[in-house]
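Look at the structure first, then read on.

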Amino acid sequence: MTILVTGGAGYIGSHMVVKLANRGYDVVIVDDFSNSQEQIIERINRLCNQQIKLYRLNLCSLAECNRMFSENDFDAVIHFAGSKSPTESVRNPLKYYHNNIFSTLNVLTAMKEYSVKKFIFSSSATVYGEPEQIPITEQMPLKAVNPYGRTKIMIEEILRDMYSASPDTAIAILRYFNPVGAHSSGEIGELPTGIPNNIMPYLSQVTAGILAEFPITGTDYDTRDGTGVRDYIHVDDLVEGHLAALHRMDRVTDLFTVNLGTGQGYTVREIISAYEKASGIPIATRTVDRRPGDIAQCYADVTLAKTELGFTAKLTLEDMCSSSWNWQSKNPNGYE
């Protein structure tokens, strides 16, 4: 099979490409490098022991998208490409609606034109907004609280309409819960631009001395230590979930939606403690007020992932922290 990975130079996309190539798939990357570094391609090729075919283009151009499809015989598309910061999306909503919606529409249009029948969409737990109950099941109402999350909901609706019109298409909507960690080699990992929005890269930069201290946003939640609880999943487990979805498509042609998480929540203080243990370095922290919109707990019900995909996350919090620190310590200047 030949798989197109959009956003294949990004954090999750790069791990997906390596996993696919090392499992014997032919892989094509498309990325415009607006939120990734071109130097990662050399590392991907080294980890795959081959030259992965690469298109440098913006998927918001339908002409360029069609050209890429015309030059290849894709069996499936795994769609990671898009703008991804909830905070930035509040400041610049038009960018998010334009980039995320148009790029997806163009990929789907090209798929229809060139009879590609398998599509895996990178969705997010942000679609649930403030959940009514914990753990979060796939049947809960969708009520995102920022433009980024709303683009995910809109695309999910587009996919449902597309499937209704073309029921011979297999579509997987995968809702992620907080991907963290890095490849075991330390060659590829999460490299945010500017000050990180997510806990693990922020902790890694504080541990490395790049940032001075880690802000704990709220210590008065109704949780076991007063800090917020979230479901973190190792990026390697996450891409295994995509492989499981791809294998399911060989047996079943339908549209299915599934959470990808561990089903277990960790507090902020537990993450900090685990990172200190993994690195052997104490982490300076300070307590600040809660962020608007933050909730006490958020973790997945993973029953459907087990029953529909046969997927269960295997890697531990220790694995997440140690792989993150391995990546950070080996790459103090990122991909430079």
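## Helix H1 against helix H8

Helix H1 (11–22) and helix H8 (residues 235–251) pack with their axes 9 Å apart, at an angle of about 60°. That makes H1 oblique to H8. Angles under 35 degrees count as roughly parallel, over 145 as roughly antiparallel, 65 to 115 as roughly perpendicular, and the rest as oblique. The crossing of H1 and H8 is right-handed. A crossing is right-handed if the near helix is turned clockwise from the far one by less than a right angle, and left-handed if anticlockwise.

Which residues of H1 meet H8? They are Tyr 11, Ile 12, His 15, Met 16, Lys 19 and Leu 20. Their partners in H8 include Val 235, Asp 236, Leu 238 and Val 239. By class, the contact of H1 with H8 has nine nonpolar, two polar and three charged residues. Ala, Val, Leu, Ile, Met, Phe, Trp, Tyr, Cys and Pro count as nonpolar; Asp, Glu, Lys and Arg count as charged; the others, Gly among them, count as polar.

## How to read the values

This is a predicted model: local features need pLDDT of at least 70, side-chain atom pairs count only at pLDDT 80 or more, and totals for chains, interfaces and linings use all residues. Residues are numbered from 1 along each chain as its sequence is written, and side-chain values use heavy atoms, with hydrogens and water left out.

Helices (H or I, at least four residues) and strands (E, at least two) are DSSP runs, numbered from the N terminus. Axes are lines fitted to C-alpha atoms, for helices over the stretch in contact, and angles run from 0 to 180 degrees between N-to-C directions. Contact means heavy atoms within 4.5 Å.

## Helix H3 against helix H5

Now take helix H3 (residues 62–70) and helix H5 (residues 93–113). Their axes come within 9 Å and cross at roughly 40°. That makes H3 oblique to H5. H3 passes H5 in a right-handed crossing.

From H3, the contact uses Leu 62, Cys 65, Asn 66 and Phe 69. From H5, it uses Asn 106, Val 107, Thr 109, Ala 110 and Met 111. By class, the contact of H3 with H5 has six nonpolar, three polar and no charged residues.

## Helix H11 and its cover

Helix H11 (residues 317–330) has 14 residues. At 1.5 Å a residue, H11 should span 20 Å, and its end C-alpha atoms are 20 Å apart, which agrees. The expected span is 1.5 Å times one less than the number of residues. Buried residues of H11 include Leu 317, Met 320, Trp 325 and Trp 327. Buried means under 20% relative accessible area, exposed over 50%, and partly exposed in between (1.4 Å probe, protein chains only). The cover over the buried residues of H11 includes helix H2 (40–48), helix H7 (199–207) and helix H9 (268–279).

The axes of H9 and H11 come within 9 Å and cross at roughly 55°. H9 and H11 are therefore oblique to each other. Their crossing is right-handed. Glu 270, Ile 271, Ala 274, Tyr 275, Ala 278 and Ser 279 of H9 make the contact with Leu 317, Cys 321, Ser 322, Ser 324 and Trp 325 of H11. By class, the contact of H9 with H11 has seven nonpolar, three polar and one charged residues.

## Helix H2 and the residue after it

In H2, Ile 40, Ile 41, Arg 43, Ile 44, Asn 45 and Cys 48 are buried. The cover over the buried residues of H2 includes H1 and H11. H2 is followed by Asn 49, whose phi is positive, near 55°. Asn 49 lies in the loop between H2 and strand E3 (53–56). Is Asn 49 buried or exposed? Asn 49 is exposed, with a relative accessible area of 72%.

## Backbone exceptions

Most residues other than glycine have a negative phi, and most peptide bonds are trans. Ser 115 has a positive phi near 55°. Ser 115 sits in the loop between H5 and E5 and is exposed, at 53% relative accessible area. The peptide bond from Ile 134 to Pro 135 is cis, with omega near -5°. Pro 135 is in the loop between strand E5 (118–124) and helix H6 (147–165).
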